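The sequence and the model come first, and the description follows.

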Amino acid sequence: MSRRHGRVRLCALAVGSALVGALSLAPTATGAPSAAQGPEPCPAPMPVDELRARLSGASGSVVGTGYTVARGTQPGAFDAEFLGVLDNGILPGRDLVIAELRSAALDSARGVWAGMSGSPVYLDGKLVGAVAYSLSFGPSRIAGITPAEYMMRLLDRPDPAATTAGRMQPAKVHISSAMRARIASATGVSADEVGDGLVRLRVPVSVSGLAVGGTRALRHLFRREGVRAIPFNGSSVSPSSTGSGASLEPGGNFAAALSYGDVTIAGVGTTTAVCGDKAIAFGHPFFFGGETLMGANEATAITVVDDPTFGPYKLANVGAIVGRVDQDRLAGIRAQLDANVSSIPVHTTVASEETGQVDESETRIVWDEDVTHLSLDHLFYSILVATDEFDEGSSRMRWTISGTTESGNAWELNRWNRYTSRYGLPWDTIEEYHWQMHRIDANRFEPVEYTGIDADISVTEQVRKLTIVGVRAAVGDGRFRDVRRVRVRPGQRIRLRVTLEPYDGTSDLVRTLSVRVPRAARRGGELVVSGGTPCFTRCSTARGATSFAGFIAAEERQPHTSDLIAQLRLGRGAGPDASGKVALRQAIARSKTIAVVVRGGRARTK
């Protein structure tokens with residue numbers, strides 16, 4: 001599977017998970033399931049036209065049976081009274097079935113809950129479809145059902161050869177005034193209360209190691225792509241924890257995992273059908289990425305939480321791995337059961353100076369479409385565990401990022417730096433890594449895949465920082481003076497004596513360094529004395545690079561925060577820049593600027 005080049009388009013977050021294999025099995029017709037019989041694993045789909053005809057010819061209510069799990073693993077039945085078909089409700093050519101759902105569990109939750117996505121609904125022994133949408137105004141028993149005839153087509157898709165980019169799926173389905181009136185009549189509310197549409201059910205997302213600020217990168221990922229997720233503190237799953245695809249059943253729990261290990265991230269939902277070595281779920285996309293790679297897992301529901309902010313959602317423990325999700329489409333997701341799942345290891349070793357404790361942790365990333373944010377969550381989590389606080393401190397991090405290019409060449413980036421923070425050491429430690437990964441993702445040379453990430457980090461609660469409080473300058477062999485401007489000739493050397501104040505109040509440090517004015521210099525500029533400033537934000541390190549290897553080398557050569565640097569900036573057409581450097585052992589803050597006049601030229605100031 002090749003990683004997409006540039007920004008990956010994510011969208012539609014419905015969390016559940018589809019389990020499907022590579023074999024294409026034709027579904028077989030069965031008798032109408034009842035609560036006593038339980039759901040049929042691979043029933044024949046009911047075409048939308050057949051349901052539409054059945055509704056138009058009915059003299060009374062048409063009620064089907066659905067299955068879902070509110071607690072544990074055993075599916076429970078609910079009634080589904082079909083209210084009508086919304087033509088082109090999902091997209092042109094994709095209709096949506098509208099139904100009112102009824103059961104004791106639904107009454108207790110005040111309506112459809114997040115995590116019901118994929119719950120199968122049957123009529124006359126056929127699968128009508130899967131619960132996937134709900135009314136936008138709040139908890140309601142009115143649901144949008146994705147027709148089974150669309151979902152069953154997932155079974156016939158070939159095995160993935162390479163990941164393909166998806167397109168955004170509308171998050172909201174608009175309903176006509178006639179359908180709105182019918183829903184109002186069925187629910188006993190006004191048409192205005194019904195609103196003008198249905199929305200995809202939110203996806204409960206289990207995240208192990210969830211803590212204050214611990215899902216910052218993950219929330220950014222979901223928010224940036226418009227994903228409607230409900231993160232909750234969940235269980236971790238070992239990459240070696242495997243189960244059997246035979247444990248999955250229609251109406252039962254399903255989890256689609258993005259990662260395993262110390263930071264396990266998985267969306268929780270419901271299985272729709274199991275046909276041979278394949279399963280389908282959700283009734284809507286997860287990230288709508290087409291061919292994809294995620295883990296398919298068992299899950300055990302703890303309860304349905306009635307959250308006042310997000311509405312009711314299923315709280316569940318993610319269980320053993322039972323296959324590999326390989327399709328993420330408009331009508332749902334598909335998984336190959338009992339198939340192997342490949343992953344990218346992210347390993348960290350974090351040592352605390354205060355306790356002497358060394359913590360090792362590892363997360364295995366399965367969903368390789370956004371290694372940047374998933375690995376960032378792991379790094380944050382590992383530092384937070386070692387420091388046991390989100391506060392000030394200092395750190396030193398050394399990391400290696402490895403991968404392959406689209407042309408098949410292996411590459412490796414090695415980098416280290418020192419960091420200090422007054423407010424949140426875990427985040428400030430990983431910020432440079434964060435932006436560096438973004439630059440690799442968006443590099444202009446060729447797409448890449450990641451094969452591993454390793455970080456060695458030491459942390460202390462002490463703030464170890466040096467602040468530049470004074471700079472004296474001397475030209476040639478002259479005396480050091482406090483100046484704002486110096487006059488020089490091309491080829492002369494400017495010597496600097498820099499005073500740095502330690503944060504801990506100990507004696508000031510004095511260091512000397514020098515810069516030689518280039519002989520080609522023609523006019524003035526400025527001399528800036530500061531600590532090294534790597535690319536922390538959306539800046540470019542690829543200037544001058546002519547290949548991906550050159551880009552990686554430029555990333556490795558970036559200055560360190562503990563480098564005391566004097567940089568002579570002459571500006572365009574004034575001659576080449578020049579610099580001097582002294583390596584220290586603490587991060588350096590602040591800067592001082594001295595104007596430089598070359599011959600009769602003008603000084604350039606800020």
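When the bonded cysteines of the protein are numbered in sequence order, what is the pairing? The pairing is 1-2, 3-4. This is a predicted model, in which local features need pLDDT of at least 70 and side-chain atom pairs count only at pLDDT 80 or more, while totals for chains, interfaces and linings use all residues. Residues are numbered from 1 along each chain as its sequence is written, and side-chain values use heavy atoms, with hydrogens and water left out.

The structure holds two disulfides, a disulfide being a pair of cysteine sulfur atoms within 2.5 Å.

| Disulfide | S to S distance |
|---|---|
| Cysteine 42 and cysteine 275 | 2.0 Å |
| Cysteine 535 and cysteine 539 | 1.8 Å |

The torsion about the S-S bond of cysteine 42 and cysteine 275 is about 100°, so this disulfide is right-handed. Both cysteine 42 and cysteine 275 are buried, and cysteine 535 is buried as well, at 8% relative accessible area, whereas cysteine 539 is partly exposed at 30% (buried means under 20% relative accessible area, exposed over 50%, partly exposed in between, with a 1.4 Å probe and protein chains only).

There are also 11 aromatic pairs (rings of Phe, Tyr and Trp, the last by its six-membered ring, pair if their centres lie within 6.5 Å; planes under 30 degrees apart count as stacked, over 60 as edge-to-face and the rest as tilted). Among them, phenylalanine 287 and tryptophan 367 have ring centres 4.1 Å apart and planes at 20°, so the pair is stacked. Phenylalanine 287 is buried at 2% relative accessibility, and tryptophan 367 is buried at 2%.
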